Amino acid sequence: ADMSDAITIRSVLYTLLASAYGYARSTLTDRKKRGRDDDGDGSSDRGTKRRRRRRQRTMPPIATSTSCNTLVDISGEVKLQTSHPPLDLGAGPALNRTHIYLPRDDYAYDDEDEIDCAYGCAHSPPPAACLSRRDEQDERLTLPPEGSNVPIDAHLSAVPAVVESAEALLSVPPRLLSERTCKDARVLNVLQGEIGHCDSSQADIIVSDKATTCHILALRSVGPGQALVSLCHLDRPGYDECIRSAVELHARHHSNSSSDDEEKKSEEYPAEIVEMDIHMAGGYSDRDNTSLSVTSHLFNILSALAEEYSRAIRMTLKTCAVGRLNDHPLGGPSARGLAVNTSTGEVYTAKVHASAAGPELSLRAVRLWASAAGGEQSTPRLS
């Protein structure tokens, strides 16, 4: 009897303890729910506030990110040089509209203009009368006026067509040009401070690399005769006459004119306007703004030449990855080399192997060493 009574008492105690534990657990759960739902300053919300403060301490705010829509925290000593303050193009003086055209949208067509103009069907390249209608609708590049506080690369980074061209160029890794990868292709390598001109009968690829603050400029023109490509490696401002000579060479190449007389030259402009594509890459947001000075000089001379030769040459900025548009996330430039296929006009980033770099590299670099030892030249020239 005593044993059965003890078992009964123990069972009752276990039942009471289980009921008390269940009641306490349900009460605590209800309090937590009320604490999450409570917007006041009551004691039920203190635990939630403590948890929020703890999460804020353990996850620092993202100062810079590699993307606009991903949480990639890179808040270390290395900061992205591509994180620039937003640019307000609405403030300040009016922008200058140049004669440099931006790439056309291949998917935007005007049926009426296509019937009247018939561009791309009957004429290649188009006649001057056809281009005159097209120019009225095409977008031209605008640049900040002289003395503006807006850096030229900051302005370019706010032009959608320019940004798209830079993204398209930098989205593909650079190709290695070597004796093995190029096989039978003829490669013309242009070193720093040099300029090269060729058509498809002379070379298959024209390229230059190893640019940091330097800019690589490529001009490819299509008109009467073979397409002509010029490529130069600019290490500083001041190459106005050399770039002007290159554009003049393209005009004469397609017009078969060797006259130096300005009036006679203007009368001999071809009826079919020459189409010239402009490609440039190099530079980055360096602390000394060396790249910025080269970019500003380059666009100043190109805008002047585009206006001067507007009756003979239609210049289009097809590729532009310079300055902050060429910034690498870890610092320095993303694109350091630029190559052009002389036949197809394909443009891509490239690295040149020693086997494809060309002859007499040391001898060709002597002029750079001499320039560094003797100081800056008053009027630098490309060789």
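Mentor: Let's start with the term: a salt bridge is a side-chain nitrogen of Lys or Arg within 4 Å of a carboxyl oxygen of Asp or Glu. This is a predicted model, where local features need pLDDT of at least 70 and side-chain atom pairs count only at pLDDT 80 or more, while totals for chains, interfaces and linings use all residues. Residues are numbered from 1 along each chain as its sequence is written, and side-chain values use heavy atoms, with hydrogens and water left out.

Trainee: Okay, so what makes Arg364 and Glu194 a salt bridge?

Mentor: Their closest N and O atoms are 2.8 Å apart, and the cut-off is within 4 Å, so the pair qualifies. Arg364 sits in helix H11 (residues 361-374) and Glu194 in the loop between strand S4 (187-189) and strand S5 (195-199), 170 residues apart.

Trainee: Why is Glu194 called buried?

Mentor: Buried means under 20% relative accessible area, exposed over 50%, and partly exposed in between (1.4 Å probe, protein chains only). Glu194 has 9%, so it counts as buried.

Trainee: And what makes Arg175 and Glu346 a salt bridge?

Mentor: N to O is 2.5 Å there, so that pair passes too. Arg175 lies in strand S3 (residues 175-177) and Glu346 in the loop between strand S11 (338-341) and strand S12 (347-352), so the bridge ties together parts 171 residues apart in sequence.

Trainee: Why is Arg175 called partly exposed?

Mentor: Its relative accessibility is 36%, so it falls in the in-between class. Glu346, with 34%, is partly exposed as well.

Trainee: How many salt bridges does the structure hold?

Mentor: Nine.

Terms used
Helices (H or I, at least four residues) and strands (E, at least two) are DSSP runs, numbered from the N terminus.
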